[in-house]
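Visitor: I have a structure open and want to talk through some of its packing. Can you walk me through it?

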Amino acid sequence: MQEAIRLTTPLKSEDVDKLRIGDRVLLNGIVYTARDAAHKRLIQLIEAGEPLPFDVEGQVIYYVGPSPAKPGQAVGAAGPTTSYRMDAYAPTLIERGLKGMIGKGKRNDAVKDAMQNHKAVYFAAIGGAGALMAKSILSADIIAYPELGPEAIRKLEVKNFPVIVANDAHGGDLYEEGAKAYAR
Amino acid sequence: MREIHVGEITKAVKDLAIRSNMELGEDVLKAFEQGLEQEESPTGRDILKHLIENARIAREERIPMCQDTGLAVVFVEIGQEVHLVGGSLREAIEEGVRQGYEEGYLRKSVCHPFTRQNTGDNTPAIIHVDLVPGDRLKLIFAPKGGGSENMSRVTMLTPAVGIQGVKEFVIQRVKEMGPNPCPPTIIGVGIGGTFEVAALLAKKALLRPLGSVNPDAELAPLEKGWLEEINRLGIGPQGLGGRITSLAVHINMMPCHIASLPVAVNIQCHAARHKETEL
């Protein structure tokens, strides 16, 4: 298996451009969490012409609703949630400079097109490996919508957070091609 | 009559809620190990190794194996000779869920269907009660994640389609849902009964230990054959391509109406959690 690529956020178009499906990546730096309810609110702000709680330019959003942290822990279990539920919102954020998304499962054509047109990448994290992935999260601070509980937006500091490139900025789709390669 | 105080039920439910989310069953771990031997995709092998490591971390460090600690699904088997005292059965279970999810640092994942307002304590629980002979009370706690539950379906087939039609429905379902329910999955199939009973049969099928053979001689070969077919689809661990799409197919069947052929497919992600106890 090829060596993992280390990347530090925020990501530039050049960073994204080099990635290909199947690449194993270790992410470092800041990643923001948002899932269903938070995405709905972000899009409402954009539609109303109001500022977002964080600047999405160059950033990576992780689709996760962690379990509560025990005393002394940064975060509880923190694996990805299924991404298709965010498909309705993702293109708008990508158009505004979002460079990466972390989740699990396939994306629709609108998201894939936006990724190609605006140079963004979709990473798959291992669904259900929440205890393991929490090990790569150094800190977690709620920066918006605390009332949403697990769905609040958190700013995570990650170290060597393990992901796989599932959709690259060149139209590659590991979900399609991986399954085709092993189908009998 | 044997008296059981409902306080004991609360205590037991709390304990089961925490343990089920942190201690993956040995049968599931063994299925991961076997999957690792058969998996051809390097990415798939890597994922299975991570899942084994994840289960170890959860168990040793007492954190949930998955952040989706589920809706609290509780199966209760009450002996006819049992007399419950000290309060209501439902309230005792709900209180156990409340305490378990709070004290175990488990995620509260229950909300209003429209406003999406979180209920804040992971109640209400989903409770299924069966009356059985005897003077014991059995509790099975099976937290169910949203991702895999979303991929489940019930259908009413035309009886003429027979076994072949049921198989096609099940395999088509697995194919369509691809990576979404967190493969490698366990496929619970309920056949017969009524609309709602088919779904319950499918859910109960998920509780059978992995590696066990269906005691129904008619169903055992179907489970084996359908699993082989599913694992030829190529979906693989996490849907990124590979051999091990599912760890098992479990089927429960009962008679149905002469006009009907109800079929339910309940998908279980690899975090196949359930713990039980008897009072």
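Guide: One term to begin with: two strands pair if DSSP finds at least two bridges between them. Also, this is a predicted model.

Visitor: Fine. What is the bridge partner of Val189(B) in S8(B)?

Guide: Val189(B) is bridged to Ile251(B) in S8(B).

Visitor: In which sense do S7 and S8 of chain B pair, and over how many bridges?

Guide: Strand S7 (residues 185-193) of chain B pairs with S8(B) in the parallel sense, over 8 bridges.

Visitor: What sheet is that in?

Guide: An open sheet of 4 strands in chain B, ordered S6-S9-S7-S8, with mixed pairing. Strand S6 (153-157) and strand S8 (246-256) of chain B are the edges, each pairing on one side only. On average, neighbouring strands of this sheet are turned by 15° against each other, direction ignored.

Visitor: Which helix lies across those strands?

Guide: Helix H7 (residues 195-205) of chain B lies across S6, S7, S8 and strand S9 (261-268), and runs at about 145° to S7(B).

Visitor: Switching to helices. How do the axes of H2(B) and H3(B) cross?

Guide: The axes of helix H2 (residues 26-38) and helix H3 (residues 42-61) of chain B cross at roughly 160° and come within 9 Å. Angles over 145 degrees count as roughly antiparallel, so H2(B) and H3(B) are roughly antiparallel to each other. The crossing of H2(B) past H3(B) is left-handed.

Visitor: Which residues meet there?

Guide: From H2(B), Leu29(B), Phe32(B), Gly35(B) and Leu36(B); they meet residues of H3(B) including Leu48(B), Ile52(B) and Arg45(B). The residues of this H2(B) and H3(B) contact comprise 7 nonpolar, 1 polar and 2 charged.

Terms used:
Residues numbered from 1 in each chain as written. Chains lettered and ligands numbered in written order. Predicted model: local features only at pLDDT ≥ 70, side-chain atom pairs only at ≥ 80, totals over all residues. Axes fitted to C-alpha atoms, helices over the stretch in contact; angles between N-to-C directions. Helix = DSSP H or I, 4+ residues; strand = E, 2+ residues; numbered from the N terminus. Parallel < 35°, antiparallel > 145°, perpendicular 65-115°, else oblique. Left-handed = near helix turned anticlockwise from the far one by under 90°. Contact = placed C-beta atoms within 7 Å. Nonpolar A, V, L, I, M, F, W, Y, C, P; charged D, E, K, R; others polar.
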